[in-house]
Every structure is written in structure tokens, then in C-alpha cells.
Amino acid sequence: MSRMERAVGAVVGSAAGDALGAPFEFGLPGAFSARFPEPGLGSEMCGGGGWEAGEATDDTQMALHVGESLLERHGLDLPDIFARFQRWAAAGPKDIGLQTEDVLANGEPWNLASAAHYKVNHHAAGNGALMRATTSAVYFADQGRQATMDAARRIAALTHGDRAAWEGTAIHHELLRVALDGGDPLAALPEVLAHVHPDHRERYANVLAPRWTPDHATEFNGAVWPCLASAVWALRTTSSYEDAVRAAVDLGGDTDTVAAVTGGLAGAVYGMDAIPTRWTQPLHVPLPGAGDRVLRVPELIDLAQRLARPAARG
Ligand SMILES: [Mg+2]
């Protein structure tokens, strides 16, 4: 499988997971499999909870804003990404993370806003930076591990003042980079963990270990650790894109984001062709703050391909 098929798989796979999980957000474990017991039976892209069938949420919307900034600015322009996030937030997306909303609207400049929030709230280890990783991971992958993990941390820090969120987002980017290279992200975990900030390494090593299951989570999966860990668990315990994403949604809780993270990883591992067409067909991503466009799969493929092309460096 080509690197390009994996890059497209990551971007579309994350968006499809997001849309599949959205109607089940804050639901109980097992809700998805109770409704759709067999893969391929019924319209799993069912909509509900305010979401149209196949409609992707803030996870994918923010990822696309990051991707478009990287392409249009020919690299990492953090003030530009922050300004795009602010325009998006002001345009009234259907969903936005509480913390992300606070940071984008607190009136501080791009390089101080998340730190100002963290100073007051102390808790900023949500999964809101983890969820938007695929576009930047695809863009930075060919620049190697350090460039990828550093970019991940800096983009995460725009909205999250807690280093735990930066490190989780950096791990996710690096797992995606390994997969895009055709490697096994699970086998790479010990090496990846060696490059995590020492203050955060042990906790990530615990939740990403093979013995960990979602039953071991000590927080709601809207937190960065169980969210990333659940995605890695879903990848580890299944053998297809479809089964991994079904397992993620079936965990309940923050289903759109856990499935977006899982779908990005599984899409990079198994490629675009592994994503069911009955999921990609209704998939669409409204993009508030950018001319109210609605992106469908052809536009997502085009974006992923441009991000993956070294010429995108400009
Ligand atoms: Mg969401």
C-alpha cells in the first residue's frame, strides 16, 4: 500500500469515525452494538443528537482548519491556526469543547491564551488537541519524528495549557507517522514513549501497555490519557478499520473523539480502501468560519493528498 493511500486513509478514516460516533456521544458502553449488532446491517451512519447522518463534528472541522493553514501558509504558522480556530468558534459550530471555547474567546493573544486558561483552571488535559491530529501528522510525517512531535506539541498548546495534552497529541502524531511509513505503530510504542517528556512518560506507558483495557480508565474518556489509550486498545484488539472504529464507538462516552482518534490510526494502518463506502458516502464536514463550505470525501482526499506531497512545503 502506498504512503498516499495511508495518508488519505488517516484523514478520511478519522472524519468517518467522528461522524459515526457523534450520535452516540455521552451514551453508555454497548449502545452502538446494541443498535447495530452486525457490521454492515442497517445504516450505521444514523445521525441523531442534533447531527445529520454522516455529519462530522468539531474534531474534523478543527483538523481541516489546521490542514488548510499548513498548506496556505507553507508551514507551521501558529498565529494563523489560532486565528482560524477563533473565526471557526465565532461562526457557531454545533459543538465545541468547553476548554477550547474558553481559550479561543478569553481575549489573550495566541501565545498566551491557553496558559492564561490553565493558570486559572489547572485542568486542561482534555482530548481536544488529540482529536484534530491527522492533517498535521500527514503534513509533518516526512520530516521525521522530532519535527512531527514538536509540531504536535505546539499546535496542541494553542488551546491546551497542560503538557499532558501536548505529550498525548505528540504520541498520536508519531504513531500516525510510523503507520504512514508502513510501520507497525503498536510495535513502535516503546520507542515513541522514550521521546515523551519524562514527567509524563510513566503515565502514558501505563495506559498504552498491552494489559490496559478501557475498564482500567480512571477518568472519563474525554481526558487525553484514556482517549488515546482507548484508540490504541481498539487498534490492538481488532484486525480491520471497521472493527476498530466500531469498538471505539461502542465504548460510549466521548464517542466521536475516541472514534476520530481510532479512525485516524486505523485509516493510516489499513488505508482508504478499508473504510466502508456506506460510511464514506454520507460523510460530510461543514466548515464554519471558512465560507460555510461543506467538504465531502473528494475534497477530503484532495486535502490529504496535498498535505502528504512534499511539494506542499513550498
Ligand atoms: Mg466532536
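Guide: Let's start at V285, which sits opposite L295 in β2. Bear in mind that this is a predicted model, where local features need pLDDT of at least 70, side-chain atom pairs count only at pLDDT 80 or more, and totals for chains, interfaces and linings use all residues. Numbering runs from 1 along each chain as its sequence is written.

Visitor: What makes β1 and β2 a pair?

Guide: Two strands pair if DSSP finds at least two bridges between them. Strand β1 (residues 284–287) and strand β2 (residues 293–296) have 4 bridges, in the antiparallel sense. They form a hairpin with 5 residues between them, and G289 in that turn has a positive phi of about 90°.

Visitor: How do you know that the span of α1 agrees with its length?

Guide: The expected span is 1.5 Å times one less than the number of residues. Helix α1 (residues 3–21) has 19 residues, so it should span 27 Å, and its end C-alpha atoms are 27 Å apart.

Visitor: Why is α1 called largely enclosed?

Guide: A residue is buried if 20 or more other C-beta atoms, placed from the backbone, lie within 10 Å of its own, exposed if 12 or fewer, and partly exposed in between. In α1, 16 of the 19 residues are buried, so the rest of the structure largely encloses this helix. Across the chain's 314 residues, 55% count as buried.

Visitor: Which residues does UniProt mark as "binding site"?

Guide: The unreviewed UniProt entry puts that feature at T57, D58, D59, D254, D256 and T257. They're spread over 201 residues of sequence but cluster in space, with a largest C-alpha distance of 12.4 Å. Such annotations may be inferred rather than shown by experiment.

Visitor: Why is D59 called buried?

Guide: D59, in helix α3 (residues 58–72), has 34 C-beta neighbours inside 10 Å, so it counts as buried. D256, in helix α14 (residues 255–270), is buried too, with 29 other C-beta atoms within 10 Å.

Visitor: What does D256 touch, beyond residues up to four places away in sequence?

Guide: Contact requires C-beta atoms, placed from the backbone, within 7 Å. By that test D256 touches D18, G21, A22, E25, T57 and D59.

Visitor: What is the phi of H74, and is the residue buried or exposed?

Guide: Most residues other than glycine have a negative phi. H74 has a positive phi near 55°, and with 10 other C-beta atoms within 10 Å it is exposed. F26 also has a positive phi, about 70°, but its 13 other C-beta atoms within 10 Å make F26 partly exposed.

Definitions and conventions
Helices (H or I, at least four residues) and strands (E, at least two) are DSSP runs, numbered from the N terminus. Two residues are in contact if their C-beta atoms, placed from the backbone, lie within 7 Å.
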